[in-house]
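Opening the notebook on this one.

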Amino acid sequence: MSVSTQNLPPKRIPLSRERVLRYALDLADESGIASLTIRSLANSMGTKPMSLYHYVANKDEILDGIVDMVFDEIEPPSPAGDWRDQMHRRAHAVRAALKRHPWAVGLLEARASPGAATLRHHEATLATLRSAGFSVQMTAHAYALLDSYIYGAALQEAALPFHGPDAAVEVTASIVERFSGGQYPHLVEIATEHVLKPGYDFGDEFDFGLNVILDGLTRAIPSSGKDQSQQTT
């Protein structure tokens, strides 16, 4: 006698640490990091909270794991390449990852138990800066400065009420109407002569600031380091 498949219970996919972390990452992306708890994660996976403790000890371990997954998405810089090009590529890769995972901007540097991908990324970045000729102290300064800029820009972009080319027009045009009294001439000027111009994209500001920082860091490399860096390109 055959049994209808409609009467069979749904096949359960076996749990694993990787699967638990993947669901946690997806949940954080969809609902924000505040929504991520052991209970909410278990509910999203169709299982019980106690089942997850076989794979993750607590929420901290989950956060460590998903932060490491984000770092794993970012191609690390190469000490063999031109340091400036590598830092430019890295900055855009980190920025792109933070757009995909906006919850991560406050957590990438906050974990006390970094994973393998996190450590590989930091090691590669430090090695690239040291290979360029920066001293140990200047390498620390450069790394901190670059990350402060990248993370700050990511926060600012995420907070804006518009995103992409020409997206500012709808929001800014109505605000400009409030400037008609003449009290804010510079706000009118920047809006009409820059923000409301066709093709304006706030995201374009990222490269301008990044290049200013890289220009300044270039001047901090000792002459011998600059010569060595140029020879490897």
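I started with a helix pair: W83, Q86, M87, R90 and V94 in helix 5 meet H121, T125, T128 and L129 in helix 6. Sorted by class, that contact has 4 nonpolar, 4 polar and 1 charged residues. I keep in mind that this is a predicted model.

Next I looked up the geometry. Helix 5 and helix 6 pack with their axes 9 Å apart, at an angle of about 150 degrees. Anything over 145 counts as roughly antiparallel, so that is what I call helix 5 and helix 6. I noted the crossing of helix 5 and helix 6 as left-handed.

Then I picked out Q86, which is found in helix 5. Is Q86 buried or exposed? Its relative accessible area is 13%, and the cut-off for buried is under 20%, so I put Q86 down as buried. Skipping neighbours within four places in sequence, I find Q86 in contact with P77, S78, G81 and T128.

On to the core. The largest nonpolar core has 49 residues, and I62, I66, W83 and W103 have the most contacts inside it. Helices 1 (17-31), 2 (38-45), 4 (59-73), 5 (83-100), 6 (116-131), 7 (136-159) and 10 (205-218) each supply at least two residues of this core. I also checked a second, separate core: it has 5 residues, including F162, A168, V195 and F202.

Last entry: I62. Not counting residues up to four places away in sequence, I see I62 touching L21, A24, L36, I38, L41 and V56.

Definitions and conventions:
Residues are numbered from 1 along each chain as its sequence is written. This is a predicted model: local features need pLDDT of at least 70, side-chain atom pairs count only at pLDDT 80 or more; totals for chains, interfaces and linings use all residues. Side-chain values use heavy atoms; hydrogens and water are left out. A nonpolar core is a set of buried Ala, Val, Leu, Ile, Met, Phe, Trp, Tyr and Cys residues joined through side-chain atoms within 4.5 Å. Buried means under 20% relative accessible area, exposed over 50%, partly exposed in between (1.4 Å probe, protein chains only). Helices (H or I, at least four residues) and strands (E, at least two) are DSSP runs, numbered from the N terminus. Contact means heavy atoms within 4.5 Å. Axes are lines fitted to C-alpha atoms, for helices over the stretch in contact, and angles run from 0 to 180 degrees between N-to-C directions. Angles under 35 degrees count as roughly parallel, over 145 as roughly antiparallel, 65 to 115 as roughly perpendicular and the rest as oblique. A crossing is left-handed if the near helix is turned anticlockwise from the far one by less than a right angle, and right-handed if clockwise. Ala, Val, Leu, Ile, Met, Phe, Trp, Tyr, Cys and Pro count as nonpolar, Asp, Glu, Lys and Arg as charged, and the others, Gly among them, as polar.
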